[in-house]
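Hi,

Here is the structure I promised to pass on. Have a look at it first, and my notes follow below.

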Amino acid sequence: MTIEDTPPPPASADRRRVRRGAAVGIAAAIVTLGLIGAALAASLHPAYLEGYVEEGSTLRMSACLGSDEAVAWARTTEEGGRVVVDVRAITVLPPGVPRNAALTCDVVDIELGAPLLDRVVVVPDGTELQPLP
């Protein structure tokens with residue numbers, strides 16, 4: 001029997017090979033996206049907030065960032081008598097590397113739904129922020 005006489009594999013074998021390749025590709029993509037997500041999550045951390053200045057319904061936050069850091073987001077949750085301010089920084093440095101050698105403070109404006117009045121401004125862990133002079 002020669003190679004020319006050998007019958008081709010059944011069509012179902014080809015389909016299984018294609019499906020197996022597709023499954024491996026999808027699994028590799030999911031693992032890659034998970035690793036990228038984990039790296040981004042490790043790069044996000046709370047920014048150091050010195051305090052705030054109230055201007056109508058805007059809070060001007062003084063957020064201090066280390067070297068190679070930038071503000072990723074600034075969010076607020078207004079609940080009853082308090083305003084929870086969450087400012088996150090992102091860095092390109094790996095976790096554990098000191099980033100505060102060249103600390104600089106930037107202004108981050110946060111719009112509130114209503115003026116602050118007598119509400120308290122806190123960070124997510126419950127620490128109260130003081131107004132800046």
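The largest pocket holds about 180 Å³ of space. A pocket here is an open set of points on a 1 Å grid over the protein atoms alone, where a 1.4 Å probe fits, with protein on both sides within 12 Å along at least five of seven lines. Points are joined across faces, edges and corners, and the volume is the space filled by probe spheres set on them.

This is a predicted model, with local features needing pLDDT of at least 70 and side-chain atom pairs pLDDT 80 or more, while totals for chains, interfaces and linings use all residues. Numbering starts from 1 along each chain as its sequence is written, and side-chain values use heavy atoms, without hydrogens and water.

Back to that pocket: 14 residues line it (an atom within 4 Å of a point), and Pro 46, Ala 47, Tyr 48, Leu 49 and Val 123 lie nearest its centre. E2 and strand E5 (82–91) are the elements giving two or more residues to the lining, and E5 gives the most, with four. Strands are DSSP runs of E, at least two residues, numbered from the N terminus.

There's also an open sheet of three strands, ordered E2-E3-E6, with antiparallel pairing (at least two DSSP bridges between two strands). Strand E2 (48–55) and strand E6 (104–111) are the edges, each pairing on one side only. Strand E3 (residues 58–65) is joined to E6 by eight bridges; Ser 62, for one, has Val 107 in E6 as its bridge partner.

Cheers
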